[in-house]
Structure formats: structure tokens, C-alpha cells
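Trainee: Could we go through this structure together? I would like to begin with the overall picture and then turn to the details.

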Amino acid sequence: MAKPTRSTGTPRDAADSSVTFNRTERVLGFMVGGIFIAAFLCIAAMIVMWLTVPSAQGSMPWPVIMAVPLIGLPIGMVLVFVLLGLTWSKRARENRSAR
């Protein structure tokens with residue numbers, strides 16, 4: 001079995017320097033992921049509720065759980081478009097400066 005060798009450079013130098021994420025993109029990415037996960041978990045909870053106790057729709061917490069996907073999914077899509085716009089504008093700026 002071959003012996004593992006150590007890299008002579010630092011890990012920061014070995015990484016591709018053209019792909020960088022700033023804090024805004026990272027926060028937007030986690031916000032989008034969190035909103036979509038919460039919405040899909042609420043959808044799954046609604047399906048389970050409708051299959052087990054369909055008469056529980058009017059009692060609390062179900063109206064809130066039903067409203068989360070109605071509000072969260074559109075907000076998540078808007079944030080996805082904002083994230084795409086930020087990423088595309090950053091890449092366009094990098095391509096213009098590289099020429």
C-alpha cells in the first residue's frame with residue numbers, strides 16, 4: 001500500500017481561487033434551503049394529518065402549519081432568483097475584469 005504524502009502547499013493555495021462565495025451568497029443559500037425544508041416538512045405533516053385525523057384541521061397548530069408552505073415557497077423562490085442574480089452578476093464582473 002502506498003504511503004500518503006503531504007502536500008507542499010497550503011490548502012488555500014491548492015483550492016480553485018476563481019470560485020469564492022461571499023457571506024451574502026452563503027446566507028441566502030442557507031435561507032433558501034431552510035425555507036424549502038420547513039415548507040416540505042409542513043406539507044408532509046399536513047398529509048399525515050389528513051390521512052390520520054381529517055377533523056383536526058381547524059384546531060391549533062394546523063392552520064399555522066398549513067400557512068407555512070403558502071408563504072414559504074413563494075419567498076423561497078424569490079430568494080432563489082435573488083441568489084441567481086447575485087451569482088450571475090458576480091461572474092459577469094469577474095469575466096469583464098479577466099479580459
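Mentor: Buried residues make up 15% of the 99 residues in the protein chain; buried means under 20% relative accessible area, exposed over 50%, and partly exposed in between, with a 1.4 Å probe and protein chains only. This is a predicted model, in which local features need pLDDT of at least 70, side-chain atom pairs count only at pLDDT 80 or more, and totals for chains, interfaces and linings use all residues. Residues are numbered from 1 along each chain as its sequence is written, and side-chain values use heavy atoms, with hydrogens and water left out.

Trainee: How many helices and strands does the protein chain have?

Mentor: There are 3 helices and 0 strands, and the order from the N terminus is α-α-α. Helices (H or I, at least four residues) and strands (E, at least two) are DSSP runs, numbered from the N terminus.

Trainee: How do the axes of α2 and α3 cross?

Mentor: Helix α2 covers residues 23-52, and its axis comes within 8 Å of that of α3, crossing at roughly 155°. Axes are lines fitted to C-alpha atoms, for helices over the stretch in contact, and angles run from 0 to 180 degrees between N-to-C directions.

Trainee: And what does that make the two helices to each other?

Mentor: α2 and α3 are therefore roughly antiparallel, a label for angles over 145 degrees; under 35 counts as roughly parallel, 65 to 115 as roughly perpendicular and the rest as oblique.

Trainee: Which salt bridge turns up?

Mentor: A search of the whole structure finds 1 salt bridge, meaning a side-chain nitrogen of Lys or Arg within 4 Å of a carboxyl oxygen of Asp or Glu. Lysine 90 pairs with glutamate 25, and their closest N and O atoms are 3.3 Å apart. The pair links distant parts of the chain, as lysine 90 is in helix α3 and glutamate 25 in helix α2, 65 residues apart.

Trainee: Are lysine 90 and glutamate 25 buried or exposed?

Mentor: Both lysine 90 and glutamate 25 are buried.

Trainee: Which other residues show how the chain folds back?

Mentor: Leucine 86 and threonine 24 are 62 residues apart in sequence, while their C-alpha atoms are 9.0 Å apart in space. Leucine 86 sits in helix α3. Glycine 33, in helix α2, has its C-alpha 9.5 Å from that of valine 80, although 47 residues separate them along the chain.

Trainee: Why does glycine 33 count as partly exposed?

Mentor: Glycine 33 counts as partly exposed because its relative accessibility is 26%.

Trainee: New topic: where does proline 61 lie?

Mentor: Proline 61 lies in the loop between α2 and α3. A cis peptide bond joins methionine 60 to proline 61, with omega about -10°. Most peptide bonds are trans.
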